[in-house]
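This briefing goes through the overall fold, the aromatic contacts and the backbone of the chain shown here. Please read it alongside the sequence and the model.

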Amino acid sequence: MHVIGVIAEYNPFHKGHLYQINKIKEKYPNSLLVVITSSSFTQRGNISLLNKWDKTKIALDNNVDLVVELPFVYSTQSSDLFAEGAISILNALKIDTLVFGTERDNISDLELLADIQINNIEYQDKVKEYLSQGLNYATSTNKALEDLTSIKVDTPNDLLALSYIKQIKKHNYPIKYINIKRTTSYHGSEVLNNITSASNIRKLYLSDNCIDNLVPFDKKYLYKIDMNKYYDILKYKILAEDTSISKYQTVDEGIESRIIKSIYISNNYEELIQNIKTKRYTYNRINRMLLHILVGFTKEMSKSMREIDYIRILGFNDKGRNYLNKVKKEVNLPILSRFKRDFSPILDFELKTTSIYGLINNDRNLILEEYN
């Protein structure tokens, strides 16, 4: 039996995700499908329209066998740290194959780029050269790779796929990987066979447009929320802490002064991002900065929480339960199906971020579920 891993955010779960699951089951009919998903907040610093428990229910209802949590300390980081956390947990759970979506047909060029990033000294020098020109890190790495190979990678799923491949190669994990090409563009607004991008679904839903044909679940599970809901709290925290916000993860290189200046002239969250934004700082990077300030996630915390020390199970079907019972003695990390206070700093911080998420959503039941 193949044990297939998928890294997801499901913000929200949509028919493109269902298409991927069906393709996996078609290719590996007797497989067990393990999904590791971010919970309350996402890799780009956004809030999830689905809470972790509803994500889990929807995934299990749509042929996923086992759902595992990707902790906040990994799920809201750059693509490499996001991939490091997710792949390490999936490897501990003994998956043999990773499946991911890409914008391109063939991933042989991504394998080449991963090898260059791991082993090529000239690549590192070129990245430093582009950074010195004031470019952001993502652009600098992409330009360095293009200089060396003439291969251009600038779409979100391909960049994440590159990070996944790099982590597998870097750690010599015994994991094969395959890609499934997306049927629509990542941020596109086109709809093909009732499949469109998650960003387009969020935009439609938050603008009160009908999305019934785009998601395979009842809309009652969706929160109508965006990061503007946190703006007043974020503004208070930035003004109260002033330049000490530099202690928070991803708040680097003197950007704290620009954040403080911008908070005085901004009327909402989107304005704040636009006022901070420069060619060095991408929209997603600023989003992550502001989220880390909001929840109090410091550089020191990120440094001390780099090594995962547990696996948290969010849900499973009978097949998933049987698999866990079979492999639990071989897994080198504790497997948790319930929250345990003071068990791990990473898990305790997960409770904190879930509480902040539930506070804005006015969902006390979410916090109670976290303890159960």
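Among the contacts in the chain with a separation of 6 or more, 73% are between residues 24 or more positions apart, a contact being heavy atoms within 4.5 Å. This is a predicted model, in which local features need pLDDT of at least 70 and side-chain atom pairs count only at pLDDT 80 or more, while totals for chains, interfaces and linings use all residues. Residues are numbered from 1 along each chain as its sequence is written, and side-chain values use heavy atoms, with hydrogens and water left out.

**Overall fold**

- The secondary structure comes to 17 helices and 7 strands, taken as DSSP runs numbered from the N terminus (helices H or I, at least four residues; strands E, at least two).
- Of the 372 residues, 56% count as buried (buried is under 20% relative accessible area, exposed over 50% and partly exposed in between, with a 1.4 Å probe and protein chains only).

**Aromatic contacts**

- The chain holds 10 aromatic pairs, where rings of Phe, Tyr and Trp (its six-membered ring) pair if their centres lie within 6.5 Å, with planes under 30 degrees apart counted as stacked, over 60 as edge-to-face and the rest as tilted.
- Tyr 223 and Tyr 357 form an edge-to-face pair, because their ring centres are 5.7 Å apart and their planes stand at 75°.
- Since Tyr 223 lies in the loop between α9 (198-206) and α10 (231-241) and Tyr 357 in helix α16 (residues 345-361), the pair ties together parts that are 134 residues apart in sequence.

**Backbone features**

- Asn 11 and Pro 12 are joined by a cis peptide bond with omega of about -5°, and Pro 12 is found in the loop between β1 (3-8) and α1 (15-27).
- Ser 150, though not a glycine, has a positive phi of about 65°; Ser 150 is found in the loop between α7 (137-149) and α8 (156-171) and counts as exposed at 65% relative accessibility.
- Asn 172, in the loop between α8 and β5 (176-181), has a positive phi near 55° and counts as exposed at 66% relative accessibility.
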